[in-house]
Amino acid sequence: MSEPLLRTEGLTRHFRVGKLLSPKTLHAVDDVNLTIERGEIVALVGESGSGKSTIARLLARVYKPTRGDIYFEGAPLSRMRGRKQRLAYSSDVPMVFQDPYASTNPAYRITHGIQRALHLHRRDVKRKARAAETERVLDAVGLVPARAAARKFPYELSGGQRQRVGFAQALAFRPKLIIADEPVSMLDVSIRIGILNLMSELREREGVSFLYITHDVASARYIADRVLVMYAGHVVEEGPTEAVLQRPKHPYTQLLLSAVPDPRAELGVADKTDVGEPPKVVDPGEGCRFRARCPYAVARCETETPHLRLLGERHRAACHVAAADADLPVEPPLAALTDS
Amino acid sequence: MLLFFVILATFPGEIAPYNPQATDFLPGLGPSRAHWFGTTAYGQDVLSQVIWATRQSLLIAFAVGGLATVLAVLVGVSAAYLGGVADGTLSLLTDVLLVIPIFPLIIVIAAYEKNSGLGMLVIVLGALGWSYGARQLRSQTLSLRTRDFLESARVRGERKLYVIVCEILPTMTSLIVATFLGAALYAVLAAAGLQFIGLGDPNSQSWGTMLYWAENNEALGAGMVLWAIIPGICVAALGAAFALLNYAFDEISNPALRLRRLDRPIEGARGDAVPAVPPAPDRILEVRGLTVAYATDGDPVIAVDNVDFDVGRGEFLAIVGESGCGKSTLLYAITRLLGPPFAGEIMSGHILFQGNDLVSLDERRLRHLRWREFSVVMQSAMNALNPVLSIEAQMRDACKAHSNMSDKEIAARSREVLRLVSIDPIHLHSHPHQLSGGMRQRAMIAMALLFTPDLIIMDEPTSALDVVAQRSLMVQIKELQQRLGFAVVFVTHDMSLVGHFSDRVLVMYAAQVAELGKTRQVFAQPRHPYTRALMEAFPSIHGPNARLTGIPGSPPDLARPPAGCRFAPRCPQAMARCHEGVPPLHDVEGDLVRCVLFDEGAVTEPTLVQVS
């Protein structure tokens with residue numbers, strides 16, 4: 001198999017927390033192996049605190065990994081030297097942020113970020129050509145007419161339009177992979193779909209890969225080719241989107257799916273539901289991190305951390321109980337989840 | 001005012017009638033046509049001296065202001081942005097300078113460097129005057145530091161210096177100007193003070209020096225009153241000019257400080273008698289013809305336009321719509337929480353709750369109803385809860401404010417309501433930041449339940465939560481509602497959320513009711529094109545993965561709503577008739593729909609709205 005666009009090997013990030021005399025370690029991300037192919041949209045799904053934003057920031061080089069490494073086009077990031085190489089990487093892998101109201105500098109026109117990106121990363125674009133290139137990327141994200149849009153300040157735009165500016169900035173790098181950290185979760189439901197469609201279109205037209213980070217499984221299904229489900233710093237399940245969503249193997253994935261509001265499903269379901277919370281993983285011992293909330297937990301889950309096992313075609317889950325042939329019930333008995 | 005001084009300082013030669021140093025006149029003259037402010041004990045013209053002295057005072061003000069601002073920016077911003085050791089050291093320096101009594105220190109230094117002139121004075125004042133501004137800038141930068149646009153700049157690969165100079169500084173212009181003006185003000189006062197006590201060059205021309213000489217010659221007693229008073233007034237006026245300029249700048253850069261009121265009187269709404277219809281016993285809330293407007297620079301913006309609806313006892317009503325369609329304003333109006341900073345006003349209409357018209361109720365009786373009879377759960381629990389008080393203390397405050405329960409009863413009740421929302425009472429002693437987002441919202445709901453109200457109004461209580469926490473909170477709300485029998489008005493932009501939980505749903509668009517009906521019926525057969533569009537706006541995890549389009553465009557600007565049907569510009573089914581006038585609400589099998597598609601049907605005004 002040829003080298004994927006981006007691959008991580010045992011990616012781990014710990015943070016020191018606690019007092020000076022009793023230092024503790026928060027395990028934000030533990031031993032994550034993920035791959036993103038060229039032109040692929042991969043969704044990273046999980047609750048807040050599951051470590052998905054930490055992964056985004058590791059890939060964007062805001063944080064350095066505690067252990068493990070990231071390979072971009074086969075080359076390890078840890079061996080990157082000099083400002084030139086670092087700039088080259090950040091132009092290949094830009095990031096789009098969650099809060100469209102905070103991610104553009106209010107003191108500048110919306111084109112500021114695009115102009116700076118061209119200035120820093122695309123020296124070949126001459127000063128005169130920059131205006132044309134700026135209009136091209138604004139046009140590509142649907143901010144039309146681009147010439148008028150380019151003159152606006154952030155406060156003149158709605159949340160959805162600002163998020164498009166975020167994608168325009170990312171496009172200005174001529175990127176190979178865009179990391180989108182919850183790009184729609186702060187937007188109105190009615191305009192989310194426009195941003196999701198935009199991501200699909202950019203993949204088609206510009207051949208960009210996406211790492212789409214979200215807690216909304218339904219939107220992940222809408223655009224992603226593959227899904228990774230994270231819980232408490234671990235990837236607990238991964239596989240082709242439809243396989244994971246239609247035949248979830250990990251009890252946590254099942255819980256996540258059952259929580260998605262879906263008015264097209266039968267009305268009047270008011271089942272009991274889980275009141276647990278994703279744990280803060282401080283100095284964890286061995287064992288499955290979901291066991292306290294898990295209705296199927298067995299003795300082995302207390303003592304041994306499950307690793308991803310192949311359970312279907314390209315479909316893996318980290319669960320001792322899940323089996324390849326005998327699927328867990330698709331609708332989990334939610335009542336069993338309550339006493340945690 | 002500042003301009004006046006600047007002109008004086010720029011052209012003293014042209015304006016001043018005489019050479020300020022010339023001792024050509026009789027000493028100690030009173031005011032006269034030739035010498036407006038009289039002359040000094042040395043026979044100099046006071047007016048000319050004052051004018052020439054302006055130059056130096058302003059020079060000191062601007063030089064010190066500039067120097068202090070540069071230092072403050074440099075220290076404050078880099079401390080906050082770089083963090084770590086740099087922050088520690090620089091903050092320590094700032095704090096030390098802040099606690100040192102500056103003025104005596106300046107006197108000591110100035111006395112030591114007595115004859116070194118103006119430049120030294122500026123450097124000393126500047127070097128000691130930046131600490132206050134630096135602290136403000138540091139805290140402002142700290143709050144900016146985690147903002148996404150700075151992270152975006154870092155991810156882009158910008159250098160630190162660029163981020164500080166070109167990304168942080170422009171966003172803080174108003175604070176930097178304030179720092180500059182503050183430092184300039186301080187410089188004028190300090191310089192005048194120093195020169196007055198004889199420090200600095202006694203032969204220089206400045207207001208302080210004039211005061212010094214006037215004092216030495218006992219001007220006040222010797223009939224040369226104006227010699228002493230005029231420079232004093234000048235110092236005060238220049239100081240006031242800087243202070244006023246500071247306020248003006250603040251107001252320009254922060255429009256929220258300008259509070260507007262509607263000058264149009266409220267048309268008979270308040271003070272009107274409650275309409276002579278007996279309150280229906282099965283309804284807990286009746287909203288009739290409610291209209292709310294916001295004052296703006298132009299015409300008032302109608303954010304809620306003639307809205308009618310009821311809530312039955314124990315009913316769960318969902319109010320759905322996009323941002324900017326008036327649903328939050330409606331909610332604030334019902335709870336009478338409009339007013340600064342929500343500068344809206346109820347223009348007309350009635351809100352009948354338990355036999356009271358909330359629109360005309362006075363503040364005292366309103367307080368009595370609020371929380372006891374109806375309570376509110378806000379969108380962001382982190383903002384609604386007081387971060388420095390424990391949950392217990394906040395519950396106690398609420399109980400004390402609205403009842404005369406004993407401490408023991410309060411403690412018991414607090415425990416009880418926390419258990420109701422599945423929070424371990426051990427968290428009574430927790431502070432809001434120690435709870436997760438879901439727990440904070442539960443705590444908010446627990447507080448709303450303290451007095452078992454009949455109605456709870458919720459403004460997107462789940463929008464900051466993850467799907468799992470959101471689902472579990474919704475189930476919890478529904479369960480409590482069924483157990484305790486209170487009614488719920490639930491505002492959200494996410495139609496999919498309420499499908500399983502609400503009894504009826506009210507779809508709002510551009511300040512008006514677009515559709516109102518039983519949830520089952522609306523979800524099974526959405527009649528208004530807007531409702532249908534909302535329903536098709538989100539992907540599903542079941543069924544085929546169809547491509548969706550969302551709703552093109554955005555809700556109209558309520559300052560200029562389109563004539564006719566307000567949804568027509570975005571409507572896939574719009575026709576010429578849609579633009580001819582606002583369509584009435586049609587009753588279609590018990591479902592109210594504001595759409596011309598139902599014109600041919602039973603075109604009757606729905607019974608619901610006929611009250612007054």
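This is a predicted model: local features need pLDDT of at least 70, side-chain atom pairs count only at pLDDT 80 or more; totals for chains, interfaces and linings use all residues.

Chain A and chain B touch through 56 residues of chain A and 48 residues of chain B. On the chain A side, at least two residues each come from helix H2 (82-92), helix H3 (112-121), helix H7 (189-206), helix H8 (217-223) and helix H10 (251-258). Sorted by class, this side of chain A comprises 31 nonpolar, 13 polar and 12 charged residues.

Chain A also contains an open sheet of 8 strands. Its strands follow the order S7-S8-S9-S4-S10-S11-S13-S12, and the pairing is mixed. Strand S7 (95-96) and strand S12 (309-312) of chain A form the edges, each pairing on one side only. Within the sheet, strand S10 (residues 226-231) and strand S11 (residues 234-240) of chain A are antiparallel partners joined over 6 bridges. In this pair, Val229(A) is placed opposite Glu237(A) of S11(A).

The packing of helices comes next. Two packed helices are described by the angle between their axes and the distance between the axes. In chain A, H3(A) and helix H4 (residues 127-140) have axes that come within 10 Å and cross at roughly 125°. H3(A) and H4(A) are therefore oblique to each other, and their crossing is right-handed. From H3(A), the residues Ile114(A), Gln115(A) and Leu118(A) take part; they meet Arg130(A), Glu133(A), Thr134(A) and Val137(A) of H4(A). This contact of H3(A) with H4(A) has 3 nonpolar, 2 polar and 2 charged residues.

Helix H3 (residues 46-82) and helix H7 (residues 131-145) of chain B pack at an angle of about 35°, and their axes are 7 Å apart. The crossing of H3(B) with H7(B) is right-handed. Residues of H3(B) in this contact include Ala68(B), Thr69(B), Ala72(B), Gly76(B) and Tyr81(B), while those of H7(B) include Gly133(B), Ala134(B), Leu137(B), Thr141(B) and Arg145(B). By class, 11 nonpolar, 4 polar and 3 charged residues make up the contact of H3(B) with H7(B).

Methods: Residues are numbered from 1 along each chain as its sequence is written. Chains are lettered from A and ligands numbered from 1 in the order in which they are written. Two residues are in contact if their C-beta atoms, placed from the backbone, lie within 7 Å. Helices (H or I, at least four residues) and strands (E, at least two) are DSSP runs, numbered from the N terminus. Ala, Val, Leu, Ile, Met, Phe, Trp, Tyr, Cys and Pro count as nonpolar, Asp, Glu, Lys and Arg as charged, and the others, Gly among them, as polar. Axes are lines fitted to C-alpha atoms, for helices over the stretch in contact, and angles run from 0 to 180 degrees between N-to-C directions. Angles under 35 degrees count as roughly parallel, over 145 as roughly antiparallel, 65 to 115 as roughly perpendicular and the rest as oblique. A crossing is left-handed if the near helix is turned anticlockwise from the far one by less than a right angle, and right-handed if clockwise. Two strands pair if DSSP finds at least two bridges between them.
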